Amino acid sequence: MKIHILEMPLDFGASRHGSDMGPSAIRLAGIKQRLEALGHSTFEHTDIFHAKPQEYQNIGNPKAKYLKPIVNACTKLAGLVEEISGKNEFPLVLGGDHSIALGSIAGISATAKKQNKSFGVLYVDAHGDFNDTNTTPSGNIHGECLAASAGIGLSELTNLYFEGQKVDPKNICFVGCRDLDSGEKTLMKKAGVTVFTMSDIDRHGFPAIVQKVKEFFQKIDIIHVSFDMDVLDPMFAPGTGIPLPGGLTNREALLLMEEMAGTEKVKSAEIVEVNPILDVRNQTAILAVSLASRLLGETLY
Ligand SMILES: [Mn+2]
């Protein structure tokens with residue numbers, strides 16, 4: 001397969017800076033070599049986003065900080081993701097903070113629409129990223145991106161790239177949540193997303209949840225996998241903006257990626273929130289490379 005590695009060094013959507021260095025950490029961890037060893041050809045896109053660092057920019061709307069540069073960058077990303085996926089090639093987006101999902105989801109959604117196919121998102125994250133400007137406790141857009149992709153929130157975000165909803169919330173499946181804001185919980189319930197929290201995983205065991213995830217996507221033609229490294233326990237992924245104990249193990253996350261590869265419906269993906277400043281010996285980026293490889297066909301035997 002032709003895999004396009006889209007680097008998005010953007011950290012405007014989060015309070016803790018440093019995820020703008022995520023793509024280079026993942027590059028140094030050998031993403032290209034690992035994917036090529038699987039027989040894929042890779043194409044690098046390293047010039048999608050360049051901007052004045054966050055520290056020198058104006059915050060703008062305090063309920064949707066750095067809205068303008070985020071919308072500009074994500075619109076550009078969406079165009080590329082649509083173009084690549086439209087050719088039946090694979091866009092692999094490397095964050096950056098999770099706000100880049102606005103662009104990836106818009107792009108793959110446009111392709112699904114054009115091909116008249118149903119579209120869903122697997123959102124692997126400790127958080128919901130489902131706030132709007134009324135519920136957000138921080139004003140950070142990485143906490144609003146999935147709601148906006150589902151058509152909830154500021155019109156600049158909900159109408160990014162093309163007008164209207166990018167993904168039906170009933171086609172969104174969460175895995176690994178363990179820290180949801182009270183307002184966003186209400187929004188998620190109202191929207192009808194499907195959520196498998198860490199408690200669900202503890203209650204039923206991880207393989208049973210993976211099975212349910214696969215059943216969830218049975219009715220879907222095209223899946224986008226949006227993977228936030230903070231879903232992992234900080235023991236395995238310390239280099240992330242909002243580390244939170246009680247997360248997935250590396251083995252569980254790798255298994256989930258392998259099983260998603262088995263559906264043969266994953267047509268785009270992103271790995272976000274690798275923050276090298278907080279990392280130890282680049283282990284979070286190294287794990288990100290393994291996750292991407294598993295999603296793209298690597299097996300142990
Ligand atoms: Mn996230």
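Student: Which residues of helix α7 are buried?
Tutor: This is a predicted model. In α7, residues 182–191, the buried ones are Gly183, Glu184, Leu187, Met188 and Ala191. Each has under 20% relative accessible area, the cut-off for buried.

Student: What makes these buried residues of α7 line one face?
Tutor: Look down the axis of α7. The buried residues fall within an arc of 135°, so they line one face of the helix. The general rule is that an α-helix has 3.6 residues a turn, so residues three or four places apart point the same way.

Student: What does the face of α7 turned away from the buried side carry?
Tutor: Ser182, Thr186, Lys189 and Lys190 sit there, and they are exposed. Exposed requires over 50% relative accessible area.

Student: What covers the buried residues of α7, and what follows the helix?
Tutor: The cover includes β5 and β6. Glycine 192 follows α7, with a positive phi near 85°.

Student: Which residues of helix α9 are buried, and where do they fall around its axis?
Tutor: In α9, residues 206–216, they are Phe206, Ile209, Val210, Val213 and Phe216. Seen down the axis of α9, they fall within an arc of 115°, so they too line one face.

Student: What do the buried residues of α9 pack against?
Tutor: Three strands are β4 (119–124), β5 (172–177) and β6 (194–197). The helices α8 (198–204) and α10 (250–263) are also in the list. α9 lies across β4, β5 and β6, at about 165° to β5.

Student: How many strands does the open sheet have, and in what order?
Tutor: It has 8 strands, in the order β2-β1-β3-β8-β7-β4-β5-β6, with parallel pairing.

Student: Why are β2 and β6 called edge strands?
Tutor: β2 (41–45) and β6 each pair on one side only. From one strand to the next, the twist averages 15°.

Student: How do you know that β5 and β6 pair?
Tutor: Pairing needs at least two bridges. β5 and β6 have 4 bridges, in the parallel sense. So they meet the definition. In β6, threonine 197 is the bridge partner of cysteine 177.

Student: What makes β3 largely enclosed by the rest of the structure?
Tutor: 6 of the 6 residues of β3 are buried, so the strand is largely enclosed. Phe90, Leu92 and Leu94 point one way, and Pro91, Val93 and Gly95 the other way. In a regular strand, side chains alternate between the two faces of the sheet.

Student: Which strands pair with β3?
Tutor: β1 (residues 2–8) pairs with β3 over 6 bridges in the parallel sense. Isoleucine 3 stands opposite phenylalanine 90. β3 also pairs with β8 over 3 bridges, again parallel. There, leucine 94 stands opposite isoleucine 271.

Student: Where does helix α4 lie?
Tutor: α4, residues 101–114, lies across β3, β4, β7 and β8. It runs at about 170° to β7.

Student: How many disulfides does the structure hold?
Tutor: It holds 0. Take cysteine 145: the nearest cysteine sulfur, that of cysteine 74, is 8.5 Å away. A disulfide needs the sulfurs within 2.5 Å, so cysteine 145 is in none. For cysteine 177, the nearest cysteine sulfur is that of cysteine 173, 9.3 Å away.

Student: Why are cysteine 145 and cysteine 177 called buried?
Tutor: Cysteine 145 has a relative accessible area of 0%. Cysteine 177 has 2%. The limit is under 20%, so both count as buried.

Student: Why is serine 149 called buried, and what is it in contact with?
Tutor: Its relative accessible area is 2%, so serine 149 falls under the 20% limit. Serine 149 is found in helix α5. Leaving aside neighbours within four places in sequence, it is in contact with Ala101, Leu102, Ile105, Gln165, Lys166 and Val167.

Student: What parts does the pair aspartate 125 and aspartate 228 tie together?
Tutor: Aspartate 125 lies in the loop between β4 and α5 (145–149), and aspartate 228 in strand β7, so the pair ties together parts 103 residues apart in sequence. Both aspartates are buried.

How values were computed. Residues numbered from 1 in each chain as written. Predicted model: local features only at pLDDT ≥ 70, side-chain atom pairs only at ≥ 80, totals over all residues. Heavy atoms only, no water. Buried < 20%, exposed > 50% of the residue type's maximum accessible area, 1.4 Å probe, protein only. Helix = DSSP H or I, 4+ residues; strand = E, 2+ residues; numbered from the N terminus. Arc of directions from axis to C-beta. Contact = heavy atoms within 4.5 Å. Axes fitted to C-alpha atoms, helices over the stretch in contact; angles between N-to-C directions.
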